[in-house]
Amino acid sequence: MTEARLMVLDPGHFHAALVQKEMYPWLAKRVSVYAPLGPDVVDYLNRIALFNARKENPTSWDVDLHTGPDFLERMLRERPGNVVILTGRNRPKIDRIRASVEAGLHVLADKPWIINSSEMTTLERILNEAEEKRLVAYDIMTERYEITSILQRELVNDAGVFGQLVPGTDAEPGIRAKSIHHLMKLVAGTPLRRPAWFFDVDETGEGLADVGTHVVDLVNWTAFPERKLDYRTDVRVLSGRHWPTIISKADFQRVTGEPDFPQFLASRVKDGKLDYYCNNSVHYTVRGTHVKLDILWNWEAPAGSGDTYDAAFRGTKARIEIRQGKQQQYIPELYVVPDPLSSKAEVFSALRRKVDLLQKLYPGVALKEDAGEAHLAIPDRYRVGHEAHFAQVTNRFFDYLKAPQTMPAWEKLNMLVKYFITTKGVELSH
């Protein structure tokens with residue numbers, strides 16, 4: 001394939017527009033959009049118009065808009081493109097992915113592909129069919145392109161610095177991570193308007209099933225790089241828990257623009273406030289290593305902050321930690337903590353050697369040693385931000401379009417592991 005032609009299906013999430021925040025030399029500038037007429041597609045069109053009109057590095061997308069209730073059937077019938085972008089409503093997403101793959105189309109789909117464990121068989125069948133047809137079916141895992149996660153992976157897989165992964169226990173797991181997202185935020189400088197259906201967990205999934213896919217993906221990508229994991233034999237999901245974020249009517253109006261809670265949310269409204277069950281914790285093991293994750297949705301970030309991610313991997317020589325709290329000015333930073341402290345001299349010596357090697361890939365990365373830990377200072381030029389990661393994922397997707405056989409086998413297997421953990425964790429929380 002030398003050129004891709006994009007079809008955007010029901011862009012019910014701003015991630016669809018973020019894929020088009022930049023132009024790509026391999027992607028035709030004419031994009032066909034198939035969607036029901038409503039606020040979701042209007043929001044998408046507004047964002048594309050802003051990208052086209054910006055002063056610095058404007059885009060030049062031409063949009064062919066096709067609206068109507070039969071948008072999926074019409075797209076499959078007319079097929080003006082060969083790549084489908086899928087974002088938005090999560091419950092019907094797997095059926096739309098299946099229809100696209102059966103029609104011989106490549107798929108770049110936002111997370112999550114499934115929100116219920118009963119759909120695992122369907123997911124596996126779709127991935128197998130895509131592989132047989134030499135189609136690329138890829139989910140948008142942007143967080144692999146965050147520089148602190150990249151460097152954390154490098155250090156966790158350096159035996160001199162990290163040692164071996166500690167399996168841990170229920171009380172002290174080998175891996176811990178916490179992700180905090182916020183319902184009210186700015187995206188590309190514009191206040192985010194969320195559709196009312198976003199707050200229906202039957203439609204979007206709970207936090208672990210949705211944004212938690214990124215965290216589960218990072219755990220496997222970091223601790224078990226390029227290894228073929230089998231969700232049937234390598235993973236045990238032990239427990240899960242969920243609890244709501246309470247949303248007032250005024251805040252619901254602010255973020256959705258709706259005058260009141262819609263009828264489909266009535267069963268979750270108590271005393272005039274919505275119980276939005278978007279928070280989860282999960283405990284599971286991967287090849288015997290205990291993992292505990294917390295996935296949270298708060299209302300709005302404190303001033304000067306945003307979505308945050310903290311993660312700690314325990315090795316026999318050191319812990320490798322991403323911290324993104326107030327002390328870090330809400331910027332993700334990477335730390336190495338010798339554990340036990342008696343290994344400090346050995347760990348710091350190996351860390352200096354590792355940082356010297358990393359200079360070839362990331363010039364300017366520096367090491368700051370403190371009494372009991374070391375901090376990797378990361379130049380700002382590598383902190384490109386969440387929105388820029390969409391272009392990086394999209395370019396990787398095109399690499400696979402050019403040569404589908406280069407898609408690593410572990411990608412498909414680990415996708416199944418990821419969705420098994422997220423959906424089973426939610427199931428156990430009930």
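## Lys185 and its partner

Let's start with a pair: the side chains of Lys185 and Asp307 are joined by a polar contact of 2.6 Å. (A polar contact is a pair of N or O atoms within 3.5 Å; within protein, one must be able to donate a hydrogen and the other to accept it, and residues adjacent in sequence count only if both atoms are side-chain atoms.) This is a predicted model, where local features need pLDDT of at least 70 and side-chain atom pairs count only at pLDDT 80 or more, while totals for chains, interfaces and linings use all residues. Residues are numbered from 1 along each chain as its sequence is written, and side-chain values use heavy atoms, with hydrogens and water left out.

Is Lys185 buried or exposed? Lys185 is buried, at 18% relative accessible area; buried means under 20%, exposed over 50%, partly exposed in between, using a 1.4 Å probe and protein chains only. You'll find Lys185 in the loop between β7 (175-184) and β8 (186-187). (Helices, H or I of at least four residues, and strands, E of at least two, are DSSP runs numbered from the N terminus.)

## One side of α3

Now look at helix α3 (residues 71-78), where Phe71, Leu72 and Met75 are buried. They sit on the same side of α3 because they cover an arc of only 100° around the axis, going by the directions from the helix axis to the C-beta atoms.

What do the buried residues of α3 pack against? Their partners are β1 (6-9), β2 (30-35), β4 (83-86) and α4 (93-102), with contact meaning heavy atoms within 4.5 Å.
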